[in-house]
Amino acid sequence: MAPVIAGVLAPAASGATTASPCTPGATYGSPLPAPAVASQLIRGGFNFLEGPTWDQRTGTLLLSHMQNAAGPQAVQPSAVLRYTPPATFETFIADSGSNGLAITADGTRVLAATHDNRTVSAYRLTDRSRTTVAAGYLGRAFNSPNDLTIGQDGTTYFSDPDYQRGNRADEQGGRTGVFRVRDGVVSLVDDTVREPNGVVLSPDGKTLYVGATGANAIMKYTVFADGSAGNRTTFASMRTPDGATIDCAGNLYWASYDEGLVHVFSPSGAQLGTISAGRNTTNAAFGGPDGRTLYLTSGVSGGGFGLYQAHLNVPGNPY
């Protein structure tokens with residue numbers, strides 16, 4: 001474990017819960033307390049933060065802390081940090097090689113988009129042992145898996161841009177894409193999306209959203225009964241969509257890297273407002289004891305990144 005780092009701001013108290021924050025059949029009101037919400041800094045001074053995910057079992061937030069590219073292959077080292085509200089940060093998994101993270105439904109593992117070996121990995125939370133979930137597609141290595149989301153049936157969808165590929169060989173023939181994996185079988189969702197980034201499933205699991213950073217757009221796919229996805233349409237246009245999350249009402253929270261904002265969209269695609277967190281916002285995730293705290297990662301590489309929070313009206317699903 002790394003030394004504990006004291007926080008700057010004490011956010012709302014946390015606690016582990018076992019029940020979902022979403023109420024089946026409930027009607028939720030406006031997700032934002034105001035059209036433009038300013039988040040609060042919890043802790044700054046990090047190099048580059050990504051992939052926040054809330055561990056409901058322990059009442060903690062896991063997130064990837066990425067360093068500058070190093071070595072002849074120009075790969076970015078990364079570790080998983082664990083934040084325990086109100087003010088404790090520690091290294092949870094050293095040398096994780098991770099970007100996007102997602103806790104499994106049973107709470108036993110964290111899945112990670114791991115650019116260090118160009119795979120999707122799983123880390124067991126009890127002993128931090130690592131296994132491979134998706135090693136490649138048709139015998140070819142991925143570019144650099146970036147973000148992922150887990151369906152109710154265990155199917156995992158993940159994006160594969162080339163941001164962290166570094167100097168390693170391109171085995172995808174110049175394509176970047178979206179994939180799914182279930183029971184070790186990897187299938188292609190779409191390899192015509194330029195630089196796909198954040199991936200999110202709707203609460204009912206019937207819609208997959210993908211941020212297409214290279215197209216400044218959010219794509220929407222129908223998820224079929226067998227877990228395959230198709231019927232792509234453009235859900236919304238926005239600058240440099242990065243990571244994202246969703247609430248119980250199906251409202252989307254999408255980080256714009258260039259704008260330093262999280263844009264909030266209704267399920268119909270209407271923009272409901274924004275949440276600000278300084279410059280270069282990379283990702284967002286719900287957490288906290290009631291599921292209504294939105295955690296944001298944002299900042300400037302090289303020591304200017306921070307973890308932020310904003311308390312909202314609708315809990316996240318999942319969070």
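Buried here means under 20% relative accessible area. The views below come from a predicted model.

**View 1. The disulfide between Cys22 and Cys248.**
Here is the model's count of 1 disulfide, with Cys22 joined to Cys248 at an S to S distance of 1.8 Å. The torsion about that S-S bond is about -80 degrees, so this disulfide is left-handed. Cys22 sits in the loop between β1 (5-6) and β2 (36-38), while Cys248 sits in the loop between β20 (241-246) and β21 (252-256), so the pair ties together parts that are 226 residues apart in sequence.

**View 2. Arg118, buried but without a salt bridge.**
Look for Arg118 in the loop between β9 (109-114) and β10 (119-124). Which side chain of opposite charge is nearest to Arg118? That would be Glu171, 4.7 Å away. A salt bridge needs the nitrogen and the carboxyl oxygen within 4 Å, and Arg118 has none.

**View 3. Backbone oxygens beside the Arg118 side chain.**
A polar atom of the Arg118 side chain lies 2.7 Å from the backbone oxygen of Phe142. The backbone oxygen of Asn143 is 3.3 Å from a polar atom of that side chain.

**View 4. The surroundings of Arg118.**
Setting aside neighbours within four places in sequence, Arg118 is in contact with Ala135, Ala141, Phe142, Asn143 and Pro145, and also with Arg165, Arg168, Ala169 and Glu171.

Methods. Residues are numbered from 1 along each chain as its sequence is written. This is a predicted model: local features need pLDDT of at least 70, side-chain atom pairs count only at pLDDT 80 or more; totals for chains, interfaces and linings use all residues. Side-chain values use heavy atoms; hydrogens and water are left out. Helices (H or I, at least four residues) and strands (E, at least two) are DSSP runs, numbered from the N terminus. Buried means under 20% relative accessible area, exposed over 50%, partly exposed in between (1.4 Å probe, protein chains only). Lys and Arg count as positive and Asp and Glu as negative; His and the chain ends are not counted. A polar contact is a pair of N or O atoms within 3.5 Å; within protein, one must be able to donate a hydrogen and the other to accept it, and residues adjacent in sequence count only if both atoms are side-chain atoms. Contact means heavy atoms within 4.5 Å. A disulfide is a pair of cysteine sulfur atoms within 2.5 Å.
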